[in-house]
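My notes follow in the order I made them.

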Amino acid sequence: MNKPLANDALTDNLRKAQTYLARFKGGPVPHRIAGESVTGAETFENYDPTDNSVLCNVSSGGAAEIDRAARAAEEAFKVWRTLPGEKRRALLHKIADKIEARAEEIALIESVDSGQAIRYMAKAALRGAENFRFYADKAPEANDGLSLPTETHLNYTIRQPIGPVGVITPWNTPFMLSTWKIAPALAAGCTIVHKPAEWSPLTAVILSEIMSEVFEGAGLPKGIVNLVHGFGESAGKALTEHPAIKAIAFVGESITGSHIMAQGAPTLKRVHFELGGKNPVIVFDDADLDRARDAVLFMIYSLNGQRCTSSSRALVQRSIYDKFIAELKVRVEKIKVGHPLDPATEIGPLIHKRHVEKVLSYADHAKADGAIVATGGKRAMEGQGNFVCPTLFTDAKNSMKIAQEEIFGPVLTAIPFEDEADALRIANDVRYGLAAYIWTGDVGRAHRVSQSVEAGMVWVNSENVRHLPTPFGGVKASGIGRDGGDYAFEIYMEQKNIAIGLDKHRAPKIGV
Ligand code: NAD
């Protein structure tokens with residue numbers, strides 16, 4: 001790890017993290033298939049983003065490992081699907097208990113593995129437990145449906161689990177996102193093969209360990225949850241193509257979603273996609289600008305800007321543009337870039353050196369296209385790690401690459417607009433449609449713009465605040481389907497209607 005400036009909290013976190021990470025240092029990190037630790041012949045290196053040294057080696061799965069895992073999930077499904085919802089409820093709460101008990105370990109490992117600042121990862125670990133508790137409490141009624149008794153029929157609908165599900169997750173906040181998919185799938189009665197991202201695979205190991213302990217402790221089959229590490233083009237592809245896997249719950253880039261759709265087509269795979277975003281935050285001149293500034297900064301620079309709902313385009317009304325942007329720039333330059341385990345750090349290193357190159361290339365695009373690099377656009381903490389300066393591009397046009405493409409780093413593109421119609425036109429002029437943020441003091445305008453902005457989620461006078469029962473997901477190239485609440489069950493369940501003819505019922509006679 002990069003030598004950080006010493007401070008007590010950081011030193012303490014580094015010491016604890018090293019202790020937790022020691023287990024990964026020996027042989028390659030194994031898959032977990034049907035409860036067994038399986039080490040493949042192929043491995044890949046997992047890097048520390050603070051200095052790009054090798055953190056550990058990880059088993060790299062392919063078609064053979066996916067096949068074993070999918071078959072184990074198929075076998076375990078026969079039992080898990082029949083378990084009463086109350087039992088599933090108790091087991092998912094036990095998983096949440098164990099996540100809470102290991103929250104410090106999860107947060108520290110996640111922070112080292114992904115480069116995300118520890119101040120955010122501590123909450124993300126606990127959010128993982130909340131996801132399990134929320135869906136635990138839904139399990140008893142998850143399979144209930146409509147009951148419509150008539151004089152002639154007992155007519156009812158049940159929701160049955162679809163079968164083994166492939167869960168494919170990205171490298172940003174990987175623990176929280178994995179629980180977001182896995183908890184509702186288990187509550188619904190599905191079994192799982194999980195393929196985590198190759199750039200941050202470690203907390204998936206802890207999650208699979210916790211879930212396996214709980215299921216095995218209850219005497220249940222060992223293949224309810226399976227974990228296969230590896231690359232998208234090998235393990236990921238094999239998972240999407242496997243005939244025993246009935247649905248794919250995927251979080252990642254839009255282009256990967258297209259690949260998965262094509263790979264899953266021969267087996268008519270059901271897909272649920274949470275994809276990329278280029279989310280606008282629209283600041284009108286009648287807004288509370290102090291609050292708006294805090295939210296704009298938080299929603300693009302926290303979590304290193306590696307967040308699907310980050311407000312990466314700031315559309316600011318021309319009448320307040322210069323002042324608002326000048327004040328923003330002062331704050332951007334004060335953001336603390338540092339070691340992810342330092343509680344004072346606001347931006348840690350980006351996930352991977354290849355990602356740094358991608359993010360910094362947008363400074364060249366900005367200049368070439370005629371925008372201004374107001375601050376940043378270069379490496380921070382010069383050295384060998386993946387640190388970049390928080391970056392602000394100003395005076396951009398929405399047609400520029402910096403306004404159209406998902407950069408997925410601490411980079412904000414500011415664009416002036418004239419009036420409400422102009423703001424909406426710019427906001428909607430991208431292929432994505434995940435989230436939108438509106439800042440205004442006019443409730444009528446808030447309502448109008450919310451109706452017309454092309455996004456799955458709109459926050460007015462607020463940063464992204466999640467309430468678990470509400471739907472989460474995007475339109476256009478940002479996704480298919482919704483997470484959250486009962487919405488998440490739509491991918492994991494089939495609706496079955498059953499109509500039982502009662503004594504009074506007789507089919508119309510023919511042939512008499
Ligand atoms: P990615 O698409 O490169 O990879 C995501 C996962 O897909 C990884 O596990 C990868 O190995 C796997 N994969 C890659 N190619 C595959 C293939 N052909 N078949 C099957 N699996 C394959 O995404 P990433 O770079 O890891 O993550 C960042 C992206 O995720 C951003 O676009 C971000 O917006 C998006 N994201 C979206 C949400 C949301 O809720 N909408 C949440 C978080 C992240």
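**Entry 1: F472**

I started with F472, and found it in the loop between β18 (457-460) and β19 (475-476). Strands here are DSSP runs of E, at least two residues, and helices are runs of H or I, at least four residues, both numbered from the N terminus. The model is predicted, so local features need pLDDT of at least 70 and side-chain atom pairs count only at pLDDT 80 or more, while totals for chains, interfaces and linings use all residues. Residues are numbered from 1 along each chain as its sequence is written, and side-chain values use heavy atoms, with hydrogens and water left out.

Is F472 buried or exposed? I read 4% relative accessibility, so F472 counts as buried. The cut-offs are under 20% relative accessible area for buried, over 50% for exposed, and partly exposed in between (1.4 Å probe, protein chains only).

Next I looked up what F472 touches, leaving aside neighbours within four places in sequence. Its contacts (heavy atoms within 4.5 Å) are W180, E274, C308, T309, M457, R466, G481, R482 and D483. I also checked F472 against A185, 287 residues apart along the chain. Their C-alpha atoms are separated by 16 Å.

**Entry 2: charged pairs**

Side chains of opposite charge can pair when their charged atoms come close. I searched the whole structure for salt bridges and got 34. The criterion is a side-chain nitrogen of Lys or Arg within 4 Å of a carboxyl oxygen of Asp or Glu.

D12 is partly exposed at 29%, and K16 is partly exposed at 22%.

Then I took K401 and E405. This salt bridge has an N to O distance of 3.8 Å. K401 is partly exposed at 34% relative accessibility, and E405 is partly exposed at 30%.

Which helices hold R448 and E420? I first noted their salt bridge, 2.8 Å from N to O. R448 lies in helix α15 (residues 443-452) and E420 in helix α14 (residues 420-428), so the pair ties together parts that are 28 residues apart in sequence. R448 counts as partly exposed at 42% relative accessibility. E420 counts as buried at 18%.

Last, I checked for shared partners. Salt bridges of that kind join D12, R15, K16 and E104 into one network.
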